[in-house]
Each structure stands twice: as structure tokens, then as C-alpha cells.
Amino acid sequence: FDIFGRDNCLVLLNEDLESEHNKTLRDVFSFLGVDESVKVPQNRVFQHDYEQLLDAKLRAKLTDMFHSNNRELEDLIGRDLSSWYNPKPEGTG
């Protein structure tokens, strides 16, 4: 934002692309100034079927390590990202 200006940056979250695929793509097209009516098939986006879940201790360490970065991003984009730094324990939804 400091270099290019807020109006020249578009921050996208993978979860938006997954949950609101067409709206998110229209936002991208609008930001780029291209035809927003193009229909793009919805696919799984940046998802993988992992054979094992992330170890709880490692998850906690990573959550702690990136907590301040996630809070800063939250402030920059004006979005609630608390699920990134206060995740639900595995298997609880």
C-alpha cells in the first residue's frame, strides 16, 4: 500500500474465492477493468487432500508465530481474520 497506494492493490482471500467464487472473480475483473460478465467455471481453489492433519503443536506454534502478521493484515484490509489466529481445534467444525 505504501508503494502502490491502496487503490492500486487488491487483496484476495482464498476462502472468498471458494465461498463466493463468481463475486470474487467479478471483483478481480472490475479491479482490472475487464469485462465482468465472463463466466469462469468454479473449481476447487488451492485445496489439497492431505493424508494427515497438521500436528496440533505445530499448528499452535505457527498460529502464534504469525499472530501479529495476521492482525496487521486484518487491520490493513478491514476484515475479521480471527479464525486465523484463534482457530477451532481439529474436528470441531
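Helix H2, residues 21-32, supplies three residues to the lining of the second largest pocket, and that is the largest share of this lining. Before I go on, a word on the basis of what I am showing: this is a predicted model, in which local features need pLDDT of at least 70 and side-chain atom pairs count only at pLDDT 80 or more, while totals for chains, interfaces and linings use all residues. Residues are numbered from 1 along each chain as its sequence is written, and side-chain values use heavy atoms, with hydrogens and water left out.

Let me place that helix in the fold. The protein chain has five helices and zero strands, where helices (H or I, at least four residues) and strands (E, at least two) are DSSP runs numbered from the N terminus.

Back to the pocket, then. On a 1 Å grid over the protein atoms alone, a pocket is an open set of points with protein on both sides within 12 Å along at least five of seven lines, a cavity is a set where a 1.4 Å probe fits but cannot get out, and lining residues have an atom within 4 Å of a point. The second largest pocket has a volume of about 210 Å³, a volume being the space filled by probe spheres set on the points, which are joined across faces, edges and corners. Its lining consists of Leu10, Val11, Leu12, Leu13, Asp16, Glu20, Lys23, Thr24, Asp27, Ile77 and Arg79, and these divide into five nonpolar, one polar and five charged residues. Here Ala, Val, Leu, Ile, Met, Phe, Trp, Tyr, Cys and Pro count as nonpolar, Asp, Glu, Lys and Arg as charged, and the others, Gly among them, as polar.

Thr24 counts as buried because its relative accessibility is 6%, the cut-off for buried being under 20% relative accessible area with a 1.4 Å probe and protein chains only. Leaving aside residues up to four places away in sequence, Thr24 touches Leu12, Asp16 and Leu17, contact meaning heavy atoms within 4.5 Å. For the chain as a whole, 15% of the 93 residues count as buried.

The structure holds one cavity of 30 Å³ or more, and the largest cavity has a volume of about 40 Å³. Asn22, Leu25, Arg26, Phe29, Val38, Lys39 and Val40 line this cavity, and by class they are four nonpolar, one polar and two charged.

Conventions: Buried means under 20% relative accessible area, exposed over 50%, partly exposed in between (1.4 Å probe, protein chains only).
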